Amino acid sequence: MITVALPKGSLLRDSIELLKSIGFDFSAFLDSSNRQLQILDPTGTAKALLVRAQDVPVYVQYGQAQLGIVGYDVLREKQPQVSHLLDLGFGGCRLSVAVKASSPYRRSLDLPAHGRVASKFVHCARDHFRQLDLPVEIVPLYGSVELGPITGMSEAIVDLVSTGRTLKENGLIEIEILFESTARLIAHPLSYRLASDGLDRAIAQIREAVLTPARS
């Protein structure tokens with residue numbers, strides 16, 4: 001039986017629709033009355049785990065799931081030991097540096113040395129400023145990161161941006177994009193190398209479902 005780790009949140013519906021297109025139906029996770037975190041596909045050939053997005057690669061790395069769907073941003077931040085199989089093309093967003101619109105900063109290098117940057121993407125933020133050779137203090141925040149510059153706790157933030165509406169409503173602007181992110185299909189490395197016929201077939205079907213529209 002194939003086990004797939006699915007992310008709670010914004011990627012869930014598209015992930016379920018993709019898997020449904022290859023015959024795996026986990027639509028029960030979309031029912032607001034459902035409290036199950038593990039369900040079987042009606043065909044009995046696959047199982048899905050519903051976990052926090054940040055935990056998807058953990059379940060895959062440790063072998064509790066052979067496949068997982070997760071944002072590239074999580075993979076960049078966590079750097080798990082998993083096989084990256086396919087860009088699924090949905091869930092597009094970007095990891096950006098943002099500041100108060102009223103600030104004088106318009107690029108990362110404008111920020112003051114030893115200033116503060118708030119982010120839940122601690123490793124990505126640290127790598128970005130290390131590459132610029134700009135020493136800053138990364139302040140880990142896991143709630144409303146936008147409050148960092150608003151309250152004066154930090155000069156900037158590094159956070160995911162989709163439409164930019166939240167930034168705008170809080171008087172912030174993007175000044176630099178670190179990278180673009182979309183949903184990715186990942187696999188447990190050993191399971192992928194020793195893939196059973198069922199796992200091979202599922203991966204091939206997902207690949208075809210994702211790539212066929214692009215060819216039409």
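A salt bridge here is a side-chain nitrogen of Lys or Arg within 4 Å of a carboxyl oxygen of Asp or Glu. In this predicted model, D87 and R184 form such a pair, with their closest N and O atoms 3.8 Å apart. D87 itself is partly exposed, its relative accessible area being 37%. Searching the whole structure gives 7 salt bridges, and two further ones are described next.

E137 pairs with R116, and the closest N and O atoms of this salt bridge are 3.5 Å apart. Because E137 lies in strand β8 (residues 137-140) and R116 in strand β7 (residues 116-119), the pair ties together parts that are 21 residues apart in sequence. Both partners are partly exposed: E137 has a relative accessible area of 43%, and R116 has a relative accessibility of 39%.

K120 and D159 also meet through their side chains in a salt bridge, at 4.0 Å from N to O. Here K120 sits in the loop between β7 and α4 (122-131), while D159 is in strand β9 (residues 156-161); the two are 39 residues apart, and the pair links distant parts of the chain. K120 counts as partly exposed at 28% relative accessibility. D159 counts as buried because its relative accessibility is 9%, and buried means under 20%.

The next topic is the division into domains.

What is the count of salt bridges between domain 1 and domain 2? The count is 0. The interface does have polar contacts: 4 residue pairs across the interface of domain 1 and domain 2 are found, both residues being at pLDDT 80 or more. On the side of domain 1 that touches domain 2, the residues divide into 1 nonpolar, 3 polar and 3 charged.

In terms of contact, 7 residues of domain 1 meet 10 residues of domain 2. The size of an interface is often given as the accessible area lost when the parts come together. Between domain 1 and domain 2 the buried area is about 710 Å², and carbon and sulfur atoms give 51% of this area. D73, R76 and E77 are the residues of domain 1 that lose the most area to domain 2, together 69% of what that side buries.

Key
Residues are numbered from 1 along each chain as its sequence is written. This is a predicted model: local features need pLDDT of at least 70, side-chain atom pairs count only at pLDDT 80 or more; totals for chains, interfaces and linings use all residues. Side-chain values use heavy atoms; hydrogens and water are left out. Buried means under 20% relative accessible area, exposed over 50%, partly exposed in between (1.4 Å probe, protein chains only). Helices (H or I, at least four residues) and strands (E, at least two) are DSSP runs, numbered from the N terminus. Contact means heavy atoms within 4.5 Å. Buried area is the accessible area (1.4 Å probe) that two parts lose on being put together, summed over both. A polar contact is a pair of N or O atoms within 3.5 Å; within protein, one must be able to donate a hydrogen and the other to accept it, and residues adjacent in sequence count only if both atoms are side-chain atoms. Ala, Val, Leu, Ile, Met, Phe, Trp, Tyr, Cys and Pro count as nonpolar, Asp, Glu, Lys and Arg as charged, and the others, Gly among them, as polar.
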